[in-house]
Amino acid sequence: MAISRRQFLSRTGLASAGALLGPNLFRNPWMQQAMAATIGDRYFVVLFLDGGNDGQNTIIPVTSSLRPAYESNRGTGPGGIRIVNPLVPATPMLDQTGQIGFHPGLHSLADMYDDGMVAVIQGGGYPDYNLSHEVSRSIWERGNPFSSVGTGWMGRYLANSGYLGSDIPAVNIGGSVSGDFVQTATSVLVFDRLNDFGFPYDYSYSGDSGTKDAAFTALHNAALANGNAAMQYLGGTGNSTLTATNQYPTLHDLYEADRSAWSDQYQNDTPAGLNTGTARGFREIAKVIYGVAQGAIPASLSARFFELSNGGYDTHSNQGADAADGDHYRLHAEVADSIKLFFQDLADMSSGAPMGSGLANLDSKVTVMVFSEFGRRIEQNDNGTDHGSQGPMFVIGGAVNGGVYGNHPNIDDIDDNGNTRYSQDNGNAFRSTDFRDVYGTILKHWLGIANPLPLLPLDTDFGYAGVDYWTAPNFNMGFLP
Amino acid sequence: MPAWNLPTARHLLRRTGFGATRVAAQALLDSHATLGAAIDALLEFKPSKFKPGGRYVEDIHNKWLKYMIKTRQPLQERLVLFWHDHFATSYDKVGQVDLMALQNRLLRVNCKGDFKALVKAINKDAAMMEFLDTVRNRRNQPNENYARELEELFTLGVKDPLGNDNYDQEDIVQIARAFSGWDYGNKGAAEFNDGQHDYAADYPERGPKRIFKVRGGFGNAAGQDFTSAGEGAQEIDTVIDIIFQHRYGPGLRNTVADYIARRLITYFAFSDPSASFVESVADASSFAGTWDIAALLKQIFLHDDFYLTAAPPSAVTKKSVKWPIDYVVTTVRLLDMKLKGKYQATQGGDYRDARSALINMGQSLFEPPSVFGWDWELAWLSSSTLLARYGFARDISNSRNGGATSLRPERLMDLSLTDPVAIVAAVADILGVDDQLSAGERTALINYLTDGSGVGPVNLLDDNTRFEKLHGLFAVVLQSPAYQLQ
């Protein structure tokens, strides 16, 4: 019998996930140590492909039993989006149907796959798939298809880990906090460019900033000394915020001073740098990691969790096939090339670093997860594809156990809406991968949460049971040790 | 009841509106002989039928924002915001802008009337029906979502003030049956689909349509029959009638009355009010009999405890954190400014639109994070959300291009003042915090104004000085801890 919302909330402590620890616990060394022991020296990046990435043209049947179905649904010639020759990595990629390959735009990802750094997770999704961009994205971000929850799954992780309002454990590249990081316990810094980030001073009278800082600090110190709890909280958090706005831009300066040649590779077009939005986003993350790994800014402000996104995946038309100037090709290349450069940058940061130091083995301390809000239908329309259901996810990094996980969705048996069928039936050769198993495996094997279930309620908790629903978690999928 | 004087008048206006200027407070004091008369005047407005229009959620957001900035009945909008949080419904799931706008009007029209009638209207509100799955509640696939939240959040609360459960799972299951078959048609009009309704005769295995066999102080183990006024469409009204008779504790106090009184006090005054504050206002207004929201509000505003957040912050004062929407609207109103155009943007800097600022502060109107509404008080404040407030303050103070969308101190204060002490007092007064600042905070502001010397004279008539230091002083105060509170 489904438990009541009340029972669920009290059992998981989510009711208090938004409640703050009192201001007296600003600096609790025990808490800090507990947090450090949990995530150690690790970093985690979420990359969201916005618009519904066509998974069928991301991981493609080669000599798999599904190749005929792929070919009969996707044509060649003008408007055709069939990938005639998927890119096969040197290490053959095999799933339950035979050999599969990458879209040629993902050649950088194929290189990393050969290095054992890429886990390809097929059939990622959830039951009763929703094909609205906003709703499905929200489901992925909240980690919950069945209930209205006000927090993101990474937000619940942060709240659960004891971070305070004056701490900064996470950075989102973009204009606002991403849905998966939403919570009310702690701070997620948001910016597009580290160099532009700073305290909002007057645009015209920058000479006044010093006096403004002095006033701000004096007011917030007075608040800290006030007996009122709300004032104390404001005093502490305000001061931390000002510190963060001063400290974070120094990470830009540090990276540019030490690694300007690498910076150019993300940005410039001569010599040919990547010069894409995704590349620039990864560069900003690299800047933060480079500084945090060396202890360049206070520990409480040192972000380890990141999010960025790349848009344009809603390819209802003009999707393109394997030609390098096609829309989907360019999206794939942008993402794969950026990730490869990012990990090369991290590996280079680590070269020569003393063993056990913050900079050592950075490429194995960073894990990247890539997802989209849904895949697209196997049947193409005029020259593109419409919203579909489950699709592939990637988990990438030096610590990852590379390979193929999960099953290729059955494109030979689609439903009346043209979508592949989602199933959690263990007897089904095309069994899907519930996205919460992927999140849970990351929470358990990367982020140190021994039991992720309180952060990711089962479908049975909401009264949904049956062969399609997520009723038994698998938090040991194996793509992380 | 506190004395009827200027501080009382100002506090009353501040908490029932969007900021209170000294002039407005003086006018209220002068126009009414007693606190009671002033409260009556504030509560006697006729609720407007305003409905924000537009095609996209940004449009209705900005129309509502503009309306709040302009309104002469700010208490009305404070109430609409409260009900929007209380009956939290998100466009994120509803997906239809016109339904969100219709709900907004429903909340406005009913904001201070009969609370029971408001709940009955919410039962049939199309946006709510979408949000909490009433439209998916059918005879052969009952959906409990609305039934649960109706009890848990909208009327009773999970537990009564003494810590006992207010309802059982069985109550939820049965109440869900009352709502089966409801849907909406054109323009959000509620429709009852008889063929989709769960009739007791068709589903004998689901038991009789009776609730509160154990909870609610009804003293009848057979439960309350919600088909007593007939089976079918009437059930949802009868369910409400029964819920509103629910009682708790040895004193058999009315549960809904105390629950709603507590929520309204938490909103207008401070969190965690005493049981005696809650019970006395519920009783004095006979809320459990009349369900008259205005009468309940009057008792809240008359009560001594309502004035506990008036004093400057200290170990003994209670304070409340301004919601992001309060922060934005209060600032614009107190500074007698407008926001620019369709996107309600600030002039200073990049013409950043207010909605983006509000989202970064943690509040997106029409999109509460969940049916639990927003998390209040300190949960509004973190480094990232504070930065959004500081950024808005900078944008407001940087609005210097002239016209109604710029900050024009000449309209707010005497620019011939040269004494920094007087200038700081004037700016603090405009922003409603002059009575909140400690001596140390005042000194910090004076030091800012005089670049550390602490002494004047300061020449505000010099353009550079005014644009840099006076506008800067407004920004510093808007970013101060005291201004985040109320």
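**Confidence, fold and contacts of a two-chain model**

In this predicted model, chain A has a mean pLDDT of 89, and 91% of its residues reach 70 or more.

Reader: In which element of chain A is confidence lowest, and in which is it highest?

Author: The pLDDT is below 50 over residues 1–38 of chain A, although this stretch has 46 contacts in the model beyond near neighbours in sequence. Where pLDDT is low, the predicted coordinates should not be read in detail. Confidence in chain A is lowest in helix α1 (residues 5–12), with a mean of 34, and highest, at 98, in strand β9 (residues 366–372).

Reader: How many helices and strands are there in chain B, and why may chain B be called as compact as a globular protein of its length?

Author: Chain B has 23 helices and 6 strands. For its 486 residues the globule rule gives 23 Å, and the radius of gyration is close to that value, so chain B is as compact as a globular protein of that length. The radius of gyration in question is 25 Å.

Reader: What percentage of the residues in chain B are buried?

Author: Along the principal axes, the C-alpha atoms of chain B fill a box of roughly 85 × 50 × 40 Å. A residue is buried if 20 or more other C-beta atoms lie within 10 Å of its own. Of the 486 residues in chain B, the buried share is 54%.

Reader: Among contacts in chain B between residues at least 6 apart in sequence, what percentage join residues at least 24 apart?

Author: The contacts considered here are those in chain B between residues at least 6 apart in sequence. Among them, the share joining residues at least 24 apart is 68%.

Reader: Which element gives the largest share of the side of chain A that touches chain B?

Author: The contact takes 54 residues from chain A and 51 from chain B. Elements of chain A giving two or more residues to this side are α1, α5 (133–142), β7 (188–191), α7 (209–225) and α8 (229–267). The residues on the side of chain A divide into 25 nonpolar, 23 polar and 6 charged. The largest share, 10 residues, comes from α8(A).

Reader: How many residues of domain 1 of chain B are in contact with domain 2 of chain B, and how do they divide?

Author: Chain B is divided into domain 1 (1–35) and domain 2 (324–484), and the C-alpha centres of these two domains lie 23 Å apart. In the contact, 8 residues of domain 2 of chain B meet 7 residues of domain 1 of chain B. The residues on the side of domain 1 divide into 3 nonpolar, 2 polar and 2 charged.

Key. Residues numbered from 1 in each chain as written. Chains lettered and ligands numbered in written order. Predicted model: local features only at pLDDT ≥ 70, side-chain atom pairs only at ≥ 80, totals over all residues. pLDDT = per-residue confidence, 0-100. Helix = DSSP H or I, 4+ residues; strand = E, 2+ residues; numbered from the N terminus. Contact = placed C-beta atoms within 7 Å. Rg over C-alpha atoms; globule rule 2.2 N^0.38 Å. Buried ≥ 20, exposed ≤ 12 C-beta atoms within 10 Å, placed from the backbone. Nonpolar A, V, L, I, M, F, W, Y, C, P; charged D, E, K, R; others polar. Domains from an automatic or database assignment.
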